[in-house]
Amino acid sequence: MNIVDRFISYTQINTTTNRENGAAGIMPSSEGQRVLAKKLEQELEALGVEDIKLRDTAIVTATLPSNLDYDVPTVAFFGHLDTSAEQTNDTKAQILPYTGEDLCLNQELNIYLRKSEFPELADYLGDDIIVTDGTSLLGADDKAAIASIMDMLQYFKQNPDIKHGTIKIGFVPDEEQGLRGAKAFDVQEFGADFAYTLDCCGIGELVYENWNAGDVEIVFTGKSAHPMSAKGKLINSLLMAQKFIAMLPGGEAPEYTEGREGYYWVKQMSGNSARTVLKMDVRDFTEEGYRARMAFLKKLANHCEDLWGKESVTCTLADRYSNVYNSLQGENRYPIDIAVDAYQACGITPKVIPMRGGYDGAALSQNGLPCPNIFTGAHNFHSIYEYLPVKSLYAASDVLKQVVQITAERFKPGAKA
């Protein structure tokens, strides 16, 4: 099966993550992820790879053994099964040639992929582009990754004369809600030495730096009173939360920041005049900056409690994931160097970018498996305008093939480090 057919077949399975089930600890959070995992298990069996395991959590792993007569580090590749909950409709993928004009996704609904809004389309003039009918996500995040990994495995199975070390693959659920599948993944049992996720965007992108990320929950407890006799008695927790938000640093929110600028994100507020719960995300690229932000919120909550009374404000801080950069230094940097060499071997200029978000590799790296992030080739993740140039999809698979072959050469006895 060619890589495009593989990808489109995966998009036909609705694997939208279910936030309610995820919050309840259910994994996978949606049944479609289990269906896709089962399909992948069957495809891996048909390819003839070994040690295939499908767990109750829908985590899938498998191994293609080495055909070398010397030892090299074991490389692994990861993709995630779920798609974002921003859109829940079934995907209806279509392939359109890009000739330089706006792409009509849906004539009836007047939905277009317009070059004025997405000028990077010009980079794909003359290419075929996979899009939706404008009523759903495409799901290239992250089914393009899965297709690329499966295509790479098929290549080495069909070309046994090409030398490679041991290759492991992992497909995990529920990345779209806090990297849940990667956090549950047993790195020690897996047995890989280094890994790559495929979970960033356009061709050439390479990520080995992302947020230090934390979750914050602040509970404001007021005092109830009937409004007809509330004077001097009512303490409105909703207004307490509002005042707290007003004391956050100006301009340090997602809508005002870019690049390596961190932020506080007021994400959710619910409650009534008696009790209000405020949920926030904290993000910073540096460990020092992240800790300072978390400490600031705790200190601000303590000051507010002093102002409004004992137990009027409680603040709970939790770490979500660390910057993958922390795990890719010194002797653990070699996965970055191999990726750069693989891009260049494919004629692709690496575009090193800091990711203003998380990816499974952050959790895997934190658990001892160094894991940079390779492009899928797609654009506009989490949007009905998500699209995937066909040549970029092929390029992602080609990079994986080069990673494997470069690893075999780099660690060959007598080779230069």
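How close do the axes of helix α4 and helix α11 come, and at roughly what angle do they cross? Select residues 140-158 for α4 and residues 390-410 for α11: their axes come within 9 Å and cross at roughly 50°. (Axes here are lines fitted to C-alpha atoms, for helices over the stretch in contact, and angles run from 0 to 180 degrees between N-to-C directions.) α4 and α11 are therefore oblique to each other; angles under 35 degrees count as roughly parallel, over 145 as roughly antiparallel, 65 to 115 as roughly perpendicular and the rest as oblique. The crossing of α4 past α11 is right-handed, a label used if the near helix is turned clockwise from the far one by less than a right angle, with anticlockwise being left-handed.

Before moving on, two notes. This is a predicted model, where local features need pLDDT of at least 70 and side-chain atom pairs count only at pLDDT 80 or more, while totals for chains, interfaces and linings use all residues. Residues are numbered from 1 along each chain as its sequence is written, and side-chain values use heavy atoms, leaving out hydrogens and water.

Next, pick helix α1 (residues 3-11) and helix α3 (residues 31-47). Their axes come within 11 Å and cross at roughly 150°, which makes α1 roughly antiparallel to α3. This crossing of α1 and α3 is right-handed too. (Helices, H or I of at least four residues, and strands, E of at least two, are DSSP runs numbered from the N terminus.)

Now for some strands. Show β4, β7 and β17: they form an open sheet in the order β4-β7-β17, with antiparallel pairing. β4 (94-97) and β17 (388-389) each have a single partner strand, so one side of each has no neighbour in the sheet. Strands pair if DSSP finds at least two bridges between them, and β4 has four to β7 (residues 128-131). Zoom in on L96, which stands opposite I129 in β7.

Then jump to β5 (residues 103-106) and β6 (residues 111-113), an antiparallel pair with three bridges. Here L103 faces L113 across the pair. The hairpin has four residues between its strands, and N110 takes a positive phi near 60°.

A pocket is an open set of points on a 1 Å grid over the protein atoms alone, with protein on both sides within 12 Å along at least five of seven lines; a cavity is a set where a 1.4 Å probe fits but cannot get out, and lining residues have an atom within 4 Å of a point. Grid points are joined across faces, edges and corners, and a volume is the space filled by probe spheres set on the points.

Select E176, G178, D281, R283 and R320: of the 46 residues lining the largest pocket, these lie nearest its centre. This pocket holds about 1,600 Å³ of space. Among the elements giving at least two residues to its lining are β11 (212-221) and β14 (313-321).

The second largest pocket has a volume of about 160 Å³. Of its 13 lining residues, K53, R55, T61, E189 and F190 are the closest to its centre.

Last stop: the one cavity of 30 Å³ or more found in the whole structure. The largest cavity has a volume of about 70 Å³, and N14, T16, T83, N89 and T91 are the closest to its centre among 15 lining residues.
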